[in-house]
Amino acid sequence: MKCVLHIGLEKTGTTSIQRALSQNRATLNQQGITLGWPENLGNSRYLVAYFRQEPDDYWASRGWQSSEDRLKRLQPLLTDLDEKIRGAAAWAEIMILSSEHFHSRLTDENEIRALATFLRERFEAITIVCFVRPQGSTVLSLYSTALRAGHAVTYRRFAKNMVHDRQYLDHGLTLNKWSEAFPGASISVKPYPLGTDQGRDIRQEFFEAISMAHLFPALALETERANAALSTPQQFFLLMVNLLAKHPLATRITESRRAALVRIIEGAKVLSLLPHRKKPAFAITEEFKESNMQVANQFGINRDYWTEG
């Protein structure tokens, strides 16, 4: 059986892809494709947690205090995965594993190699699927997500912190680490559809990346609500709301009122049509120009793609 390992990257529609896969589990099974996560989880984040050695938000949300806690809680899921692999070997050609946190949490080469060893022992072949996005566009999307979640930080400070995290934004560095850890694996790298790519569906792009495009028309798909980056005025107003919400007794902006204001700001069409931070975003992408050109040349991505976001 072949393994398709979808590693993200973050902010490239991974959740949309995972939702489409989970909602069509039965249809995919009929076509010889099985999913490597339980129905109640929705993705392979548990596998990332198993191989990551350092505590992170996944540990904190579950109250784990040590590596022993982590292994004890995750071992049943690994046992279930092994049983699923053995059981599916008779009828499935492909098992899909998917989590954007393979990219963002497994940054240590030894952790990635441990995952590679684990998978090579269980599968005949491995294909790594990865979508990339201009770094400036990624930072804008992340900033919008942070504001929606209630963070009260300026774009300049947020972007400065993100640019310093080269392991997160440097696609060439990421792909080199995964290529070295998975010698002999097939690696499919595709550009994430941007605003100029009208009509392109990231879910369809995924099935094309795994050479299963013929299955896409048979899937039952929900209309996805795009988590679009906020315009500059929307970011400003939401930042002001978040700052005020830090003092609810004085401002009377409770969390429920903040959430209502978020919906109003997001739904204000006139604000959404106003300018985005195109120049600062492009400047961020330019900081990774050499790495981006390496990725473009190696994986056949149009070099002009990096100027679109």
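I took two strands as paired if DSSP finds at least two bridges between them. Helices (H or I, at least four residues) and strands (E, at least two) are DSSP runs, numbered from the N terminus.

**Basis.** I worked on a predicted model, in which local features need pLDDT of at least 70, side-chain atom pairs count only at pLDDT 80 or more, and totals for chains, interfaces and linings use all residues. Residues are numbered from 1 along each chain as its sequence is written, and side-chain values use heavy atoms, without hydrogens and water.

**Sheet.** I looked up the strand order and found an open sheet of five strands, β2-β3-β1-β4-β5, paired in parallel. At its edges I noted β2 (33–35) and β5 (186–191), each pairing on one side only. I then followed β1 (residues 2–6), which is joined to β4 (residues 125–132) by five parallel bridges. Within this pair, C3 has I126 of β4 as its bridge partner.

**Helices on the sheet.** I found α1 (residues 14–23) packed on the sheet, in contact (heavy atoms within 4.5 Å) with β1, β2, β3 (94–98) and β4. I also found α7 (residues 109–120) lying across β1, β3 and β4.

**Helix α12.** I checked burial (under 20% relative accessible area, with exposed over 50% and partly exposed in between; 1.4 Å probe, protein chains only). Six of the eight residues of α12 (residues 202–209) are buried, so this helix is largely enclosed by the rest of the structure. I listed the buried residues as I202, R203, E205, F206, F207 and A209. They pack against β1, α1, α2 (25–30), β3, β4 and β5. Just after α12, I noted a positive phi of about 60° at S211.

Note on methods: Axes are lines fitted to C-alpha atoms, for helices over the stretch in contact, and angles run from 0 to 180 degrees between N-to-C directions.
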